[in-house]
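The stops below are meant to be selected in order.

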Amino acid sequence: MGRKLNAVLALGIAYIIVTAAAAVDDKGLSLSGTVAAPEKASSLGKVAGGITYHHVWPPMKFGWRIVLGSFVGLLGAMLGSIGGVGGGGIFVPMLTLIIGFDPKSSAAMSKCMITGGAISTVYCNLKQKHPNLDMPVIDYDLALLLQPMLMLGVSIGVICNVIFPDWLVTVLLIILFIGTATKTLRKGVETWKKENLIKKAAARQSEQSSEENEYTLPPTEHDAAAEKTKSSDEAVSIWKNIYWKEFGLLAFVWVAFLALQVTKNYNAICSTWYWVLSLLQIPVSVGVSMYQAVGLLKGKRVISSRENKQGSPKAHQLMVYCFFGVTAGILAGMLGVGGGTVMGPLFLELGIPPQVSSATATYVMMYSSSIAVVEYYLLKRFPVPYALFFSSLAFFAAIVGQRVARKVINLLGRASFIIFILSFMIFVSAISLGEVGISNIIHKMAQHKYMGFGNICEYDA
């Protein structure tokens, strides 16, 4: 199995490099933001490290680009909703190669689409129960530990989006995404095998029970009423299915970050107050995560959806979880992808069921992506009409994806397909984003353009 996976990885990397090199020869693609799309696009000059960066925003008019981009975005939002990854790995290449945005504007637009899809997905999940336990499908204790760290990482990632050169971002993306996709695929295969064993055991048990039931009495009216009550209890009210204390703390972090970002917008970049307001995000996020971590260490709180609940998690384990939360946020803010690309595989490694992993990752991602949208809006990184259109598209596509996922789970009796979709989305993200990044690098090298680090203090929004 390991050799097959390594062969797939090698082929994937080779495909990225070959297609990227071929794409550079296609003059119709607007890869670096300096090659005009067929339609006349508005180009806004930004300063990064003393070099003018051109933001390319194509005019919004009906045509084959909008139709094809909408179809790809629809598919990406559906799969992203099921896997809990948002779909940024499909949105960014679609916005760059099909619609004609420059890479940095595509990342900002992608966060708008991720936010739209996450909001509708979370609404669908708020009234759903855990597949095995009497608790919501969203693990609020796990979300409270990681969401503040994820939002802190997003703020750092937005700054890195301005500073980091494309070649460094591309290298980090390919290494991380392919490694994560491989790990997730192996987890999916492992879960599939466990489901096979469970199905075989259930089949044997049903055969034995069918023989015993031949001599049992038919159900009484009381049993029928009890069964009816049980089935009606499955449709839980949203108000009863939310842990309001944890929800309130998560909302507090979001409001605090929003207030700091809006206030920071009224100060000059790199001024004293700019950095003071930026650094104030650290005590807000770290404080809430530490509050939750202390509760978990003392046993006052528990991550109930974990399969292995023997004892409280260790301090070093919680530190590692928080580190991954910050890392996921940095990648989300820097690349325009959802934090679920890292959070989803992490939750699965913790023993979280696939349905809970997807729902919790999307719930956490809703807060972080919406904050990123606010930051990008204040930086004037995307056109509002395009953002409203594609966000609405992702909103409704995610609802369809959730309904399809539940029907497939009920039909197949397997939740492992969520893990396979997660692995597929991460692998596709590595190929598509890697291809766009390498194409951009080759184009800049051919044009002898600046490929070093940018300077946030010289960025003119």
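Predicted model: local features only at pLDDT ≥ 70, side-chain atom pairs only at ≥ 80, totals over all residues.

Residues are numbered from 1 along each chain as its sequence is written, and side-chain values use heavy atoms, with hydrogens and water left out.

**Stop 1: the helix pair.** Select residues 64-83, helix 2, and residues 384-412, helix 14. Helices here are DSSP runs (H or I, at least four residues), numbered from the N terminus. The two axes come within 7 Å and cross at roughly 45 degrees; axes are lines fitted to C-alpha atoms over the stretch in contact, and angles run from 0 to 180 degrees between N-to-C directions. Helix 2 and helix 14 are therefore oblique to each other, a term for angles that are not under 35 degrees (roughly parallel), over 145 (roughly antiparallel) or 65 to 115 (roughly perpendicular).

Now show the side chains in the contact (heavy atoms within 4.5 Å). By class, the contact of helix 2 with helix 14 has 14 nonpolar residues, 6 polar and no charged ones. Nonpolar means Ala, Val, Leu, Ile, Met, Phe, Trp, Tyr, Cys and Pro; charged means Asp, Glu, Lys and Arg; the others, Gly among them, are polar.

**Stop 2: Met113.** Select Met113 in helix 4 (residues 103-125). Met113 is buried, at a relative accessible area of 1%; buried means under 20% (1.4 Å probe, protein chains only), exposed over 50%, and partly exposed in between. Leaving out residues up to four places away in sequence, Met113 touches Gly73, Phe91, Met94, Leu95, Phe390, Ser391 and Ala394. The C-alpha atoms of Met113 and Ala77 are separated by 8.0 Å.

**Stop 3: the cores.** A nonpolar core is a set of buried Ala, Val, Leu, Ile, Met, Phe, Trp, Tyr and Cys residues joined through side-chain atoms within 4.5 Å. In the largest, of 72 residues, Leu145, Leu146, Phe347 and Tyr363 touch the most other members. Helix 5 gives the most to this core, with 11 residues. Another core of 29 residues lies apart from it, among them Trp57 and Tyr386.

**Stop 4: Asp141.** Finish in helix 5 (residues 140-163) with Asp141. Asp141 is buried, with a relative accessible area of 10%. Beyond its neighbours within four places in sequence, Asp141 is in contact with Glu246, Gln292, Arg301 and Val302.

Methods:
Helix = DSSP H or I, 4+ residues; strand = E, 2+ residues; numbered from the N terminus.
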